Each structure stands twice: as C-alpha cells, then as structure tokens.
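The following exercises concern a single protein chain, and each is followed by a worked solution. Please consult the sequence and the structure shown here before reading on.

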Amino acid sequence: MRAFIETTILVDLLLKRKSRRSAVKVALSKFSETLLPQYAIKEMKAGALFACVWLHNKLVTTDSIPDAIQAVHAMSRTPRRYLVSTALEAWAVAEESIASKSYLPNQVVTPAAREKLRRQEMINLIRSQIMLGWRRRRKSFTKVVSPLTCYVEDELILVGERIETGKIKCAHEPCCLKEQFFDKIEDTKTLMAECAKGDRAEDKKRYSALRHIARTPKREIDSDMCRSLGDAVFALQSPADATIVTTNMKDIAPLAGALGKDATRI
C-alpha cells in the first residue's frame, strides 16, 4: 500500500515536537512507498515554514522575549492570524529543547543576562529546527512526485541573523496545475460539485479557482488561485492505488471520496 503525503504530514514530520515526529515515522513505515507531491513542499514553505521563519526573525529583531510575545499577540488580530498557531508550536518545540537539555547556565546570573541568554537559545533552536527541516524535506520519503514546472524551491539563506526564504510564489508561467486540472476536466467538475456543498470561505475560493479552470481554460490562474486549489490538488494528483495521508480528514476525505480515492489520518 502506498501513501500520498499531504502537507500537514510533511509539517508534522519536519517541524513539530519529537513525540509527534516519531509517531508519524512509525505510521509511515507501514506503507510500502511514501510519495511526496511537490505541492506539499510549496504549501509548507508558504505556510508553516514561513510562520516559523517569521517567529525567528521577530525574536532576532525585537529587544526581548516579552516584545516577541507581544508581536505574536498583535499578529493574532490581523488577517495573517493563521501564522500564530504554527509560530507558537515552534516556540513550544524550542522551549521543550531548552527544558530537556538545560541549555541555560545553572550559576546565578542577573535576570537581564538570563533573559538575553534564553532569547539567544530560542533563536538558535528555532533556526536549527527551520534549517534542518527544510534540508530534510525530500529525504524522508520514497520519492518526490508530481513536480511543479512553474515552481522553484529557493533555498533558505541567512542574512546576518535573519532567515530569508527566497521566492514563495511560483516563479514561472503558465501554471502547470491549471493544465493538470484541465486535462482531467471531469474530475475537476466533480471536485467543483463537492466544493459547492461547503459554505466556508476556503470552500468558496477553491470552487472559484476550479470553476475558473473549467470555464476559461485559456486564462491563466494567479498565485492566489493556485493556493486556493489547496486540498483539491492532493485529491487530483493522488494515484488511484495510493492513500492520501493527512491530519486534515475534514477537508481531504470528501474531495478524495468524490473521486473514489482513499484518505486516512495518522
């Protein structure tokens, strides 16, 4: 049995706590093959990895941990509040490492000096988590499949103490996903019908992107539409003999089921 890896599993395996990473590895070991679509890498970089980088850079550019916490709190009140939960998870992973490995000196130090040391350890640990996770993105699976010819995986680089992600959006046109969906137009229409049942904003955006492809195939789709396709990409690209592996059954299962494909949560 083969596994088709959805973004949430990639994130769990590379960026979450050790206990969760271990559980995912055990679950994936039960499959004969693990197939990672490049779209999962693209989604991770634009989503969870970007949130971790944002937190890291905020710790670098603020003067103290309380200032960084305040920045996270402020972000929770903006349209980019989706960054907050992932950023806090990265923070928790770093805190777990500090607690278990006793990075901070035991000798008595002033509160200001101790906070400075703790902030630097947080920066170092989150940076290591980000860089190591990104380097391992293609190494934890049998193979990477469904390449995106319009997307370039720019490497992460350090500029001073800040991490720069490079390009997150697609670098080239035309959109290769548009062609994939149009080549399987009946599947695309089936996915449209499934999305039409939902009343959430993401359902409507996904429906709109699919409708754009089905109704106006000669018009390109932009990066926002590409991102809106989201879970429909995994449903479309997954081989018929593979199971989509995810933590997001609420969104994935109905789309996969509409095309007669399987999905499972680990």
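**Exercise 1. Compare the radius of gyration of the chain with that of a compact globule.**

Solution. For 266 residues, a compact globule would have a radius of gyration near 18 Å, and the chain has 20 Å, which agrees. The radius is taken over C-alpha atoms, and the globule rule is 2.2 Å times the number of residues to the power 0.38. Along its principal axes, the C-alpha trace spans about 70 × 40 × 30 Å.

The model is a predicted one, in which local features need pLDDT of at least 70 and side-chain atom pairs count only at pLDDT 80 or more, while totals for chains, interfaces and linings use all residues. Residues are numbered from 1 along each chain as its sequence is written, and side-chain values use heavy atoms, with hydrogens and water left out.

**Exercise 2. Determine how many helices and strands the chain has, and what percentage of its residues is buried.**

Solution. The chain contains 12 helices and seven strands; these are DSSP runs numbered from the N terminus (helices H or I, at least four residues; strands E, at least two). Buried residues account for 48% of the 266 residues, where buried means under 20% relative accessible area, exposed over 50%, and partly exposed in between (1.4 Å probe, protein chains only). The chain exposes about 13,400 Å², of which carbon and sulfur atoms supply 52%; accessible areas come from the Shrake-Rupley method with a 1.4 Å probe, and for residues only the protein chains shown count as cover.

**Exercise 3. Identify the residues that touch the most other members of the largest nonpolar core.**

Solution. A nonpolar core is a set of buried Ala, Val, Leu, Ile, Met, Phe, Trp, Tyr and Cys residues joined through side-chain atoms within 4.5 Å. The largest such core has 81 residues, of which Leu28, Leu55, Phe181, Leu191 and Leu229 touch the most other members. Helix α3 (residues 38-61) contributes the largest share of this core, 15 residues. Beyond four places in sequence, the contacts (heavy atoms within 4.5 Å) of Leu191 include Phe181, Leu210 and Leu259.

**Exercise 4. Describe the surroundings of Thr34.**

Solution. Thr34 lies in strand β2 and is buried, at a relative accessible area of 8%. With neighbours within four places in sequence set aside, Thr34 is in contact with Ala3, Ile5, Leu28, Ser140, Phe141, Thr142 and Lys143.

**Exercise 5. Carry out the corresponding analysis for Glu220 and Lys178.**

Solution. The closest N and O atoms of this salt bridge are 3.3 Å apart. Glu220 lies in the loop between α9 (201-215) and α10 (223-229) and Lys178 in helix α7 (residues 176-183), so parts that are 42 residues apart in sequence are tied together. Glu220 is partly exposed at 34%, whereas Lys178 is buried at 4% relative accessibility.

Terms used
A salt bridge is a side-chain nitrogen of Lys or Arg within 4 Å of a carboxyl oxygen of Asp or Glu.
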